[in-house]
Amino acid sequence: MPAGQAHRVALVTLGCSRNEVDSEELAARLAAGGFQLVDDAADADAVLVNTCGFVDVAKKDSIDALLAADGLRGDGGSGPGPQAVVAVGCLAERYGAELAESLPEADAVLGFDAYPDIADRLSAVLAGNRPAAHVPRDRRSLLPISPVERGQAAAGVVVPGHGSRAAESLGAAVVRRRLEDGPVAALKISSGCDRRCSFCAIPSFRGSHVSRPPQDILAEAEWLAGQGARELVLVSENSTSYGKDLGDLRALEKLLPQLAAMPGIVRVRTVYLQPAETRPSLLEVLLTTPGAAPYLDLSFQHASPSVLRRMRRFGGSADFLDLLRRGRDLAPALGARSNFIVGFPGETAEDLDILADFLEQADLDAIGIFGYSDEDGTEAVRLPDKLPDGEIEDRRARIADLVEQLTAARAERRVGEIVEVLVEEIDEDEGGGAGAAQIAYGSAGHQQRDADGACSVRLAAGAGGEPVAVGDLVAARVVGAEGVDLVTELVEVVDRARGVPEPVAAGARP
């Protein structure tokens, strides 16, 4: 590489929106360390793959992404293409040296503790050094068991996506660089989880629950608004636990109205809610605060009380239906989504019928169905009464078929409603010719982007005197449904977007 030319790095992100936030923090740190960020891995000197380690399919996708990056190398790594392929993220944190041994194509496997020094670590790899692989540990052991004792201790633990220490070192309001310029942005409010669900390994590699200070969240929200974000999606492993380690169980109830009132922000959506922790006062704030999406993302996982007990969870069909009823009393147009595991050890045919009956009554807008699989290090691996893989798949397919019918019927019942759609894309060529009809695409208040259905909005060029633009919030009438997606027609523009600035350099203030 010519002297003085910056190394180019491409970031590949797998998994959830929490990982997307982590990648944007990594991008800021790399840019601050002199790296040039590029979109195409084939044009990069190094490819950083932010992996997912949640379930087997996600693990495979992560490994495939690492192998694909390795396949771009030319002449054994000396020609065009990336010279280094580095694994970070949850799979790297969870398996470390084991991943490095089984995947020699990766030049380095780095855990979360490497994030503050990621630019130096990557520079060393490009210089020919092959660092020792990360050695995994249970990250819950890094902090006190009692949440209220974590305050000072948390300052000494690297928590991806929080970035406070990096912000101090760079003298910046936030350390984040947007990798996409759309009007929807994830905002991490906490990390880790204190629950001990028997099927879930996430707490072991993401650690105990740590809430971000409200002032850090508000500063990042202001920065995101300055970057053109119009909707903030509040993400975490468990949003309903926000504030318990800050000594304030009502912290989210206080924070949400401040975020919704942020200039430029038209909608705030909170996801990853635990039903057992969704208190009446929190439910009211979530669904009645002006600017808060009429939306509940509730982690039910099953509806049979006996299965839920084996999962080390609480509640059951009656409790969950009551929660949804109370939510709809507060927000009649409520959108609700959840995920469910079928084929859990000991699940009977009666348990599956309870789940099917619940789904028919719950009237959910979006539903994820997963067949149970063993996860390393979890209690469920040791549970008796495991079901054969074929039986699990049969049960999954049965419930998935039911879900497809139920969610499509739910979408059909929205025909005639007026929904508010945040415009994320416009098909400029639809119909062709001056003054022809256009189609805008985006998400209504009851739809989480990339997780639920979406809306198409028929509009005429120049509607309301000006063209509709990406970032506009529009009112639209639902005139049809295609599966879970809605077909709508423009009624009016509710809130016009400001011009979106160029991306701010890493570490810069808004």
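These legends walk through several close-up views of a predicted protein model.

**About the model.** Residues are numbered from 1 along each chain as its sequence is written, and side-chain values use heavy atoms, with hydrogens and water left out. Because this is a predicted model, local features need a pLDDT of at least 70 and side-chain atom pairs count only at pLDDT 80 or more, while totals for chains, interfaces and linings use all residues.

**View 1. Confidence along the chain.** Please read two stretches with care. Residues 430-434 have a pLDDT below 50, with six contacts (heavy atoms within 4.5 Å) in the model beyond near neighbours in sequence. Over residues 500-510 the pLDDT is also below 50, and this stretch has 26 contacts beyond near neighbours in sequence.

**View 2. An open sheet of three strands.** The strand order is β6-β9-β10, with parallel pairing. Strands (E, at least two residues) and helices (H or I, at least four) are DSSP runs numbered from the N terminus, and two strands pair if DSSP finds at least two bridges between them. β6 (184-188) and β10 (267-270) stand at the edges with a single partner strand each, so one side of each has no neighbour in the sheet. From one strand to the next, the twist averages 25°; axes here are lines fitted to C-alpha atoms, for helices over the stretch in contact, and angles run from 0 to 180 degrees between N-to-C directions. Strand β9 (residues 231-235) is joined to β10 by four bridges, and Val-233 has Arg-269 in β10 as its bridge partner.

**View 3. Helices against the sheet.** Helix α1 (residues 17-32) packs on the sheet and touches β6 and β9, its direction making about 85° with that of β6. Helix α10 (residues 251-260) also packs on the sheet, where it touches β6, β9 and β10; its direction makes about 150° with that of β10.

**View 4. Leu-187 in its surroundings.** Leu-187 is found in strand β6. With 0% relative accessibility, Leu-187 counts as buried (under 20% relative accessible area, with exposed over 50% and partly exposed in between; 1.4 Å probe, protein chains only). Leaving aside neighbours within four places in sequence, the contacts of Leu-187 include Val-21, Arg-176, Leu-232, Leu-234 and Leu-259.

View 5. Ile-189 lies in the loop between β6 and β7 (190-191) and counts as buried at 0% relative accessibility. Among the residues in contact with Ile-189, leaving aside neighbours within four places in sequence, are Ser-211, Ile-217, Leu-234, Tyr-242 and Leu-252. Ile-189 and Arg-267 are 78 residues apart in sequence, and their C-alpha atoms are 16 Å apart in space.

**View 6. Two nonpolar cores.** A nonpolar core is a set of buried Ala, Val, Leu, Ile, Met, Phe, Trp, Tyr and Cys residues joined through side-chain atoms within 4.5 Å. The largest one has 64 residues, of which Leu-232, Leu-234, Leu-259, Phe-340, Phe-358, Leu-359 and Ile-399 touch the most other members. Not counting residues up to four places away in sequence, Ile-399 touches Val-342, Leu-352, Leu-355, Ala-356, Leu-359 and Ile-369. A second, separate core of 25 residues includes Cys-90, Val-125, Leu-126 and Ile-202.

**View 7. Strand β12 and its partners.** Seven of the eight residues of β12 (residues 335-342) are buried, so this strand is largely enclosed by the rest of the structure. Strand β11 (residues 295-297) pairs with β12 in the parallel sense over three bridges, and Tyr-295 has Gly-335 as its bridge partner in β12. Strand β13 (residues 366-371) also pairs with β12 in the parallel sense, over six bridges, with Ile-341 standing opposite Phe-370 in β13. The chain crosses from β12 through helix α14 (residues 349-362) to β13 in a right-handed β-α-β crossover: with the strands pointing away from the viewer, the path from the first strand over the helix to the second runs clockwise.

**View 8. Two loop residues with positive phi.** Gln-301, a residue other than glycine, has a positive phi near 75°. Gln-301 sits in the loop between β11 and α12 (305-310) and counts as buried at 11% relative accessibility. Asp-385 has a positive phi near 60° and its place is in the loop between β13 and α15 (389-412). Asp-385 is exposed, with a relative accessible area of 57%.

Definitions and conventions. pLDDT is the predictor's confidence in each residue, from 0 to 100.
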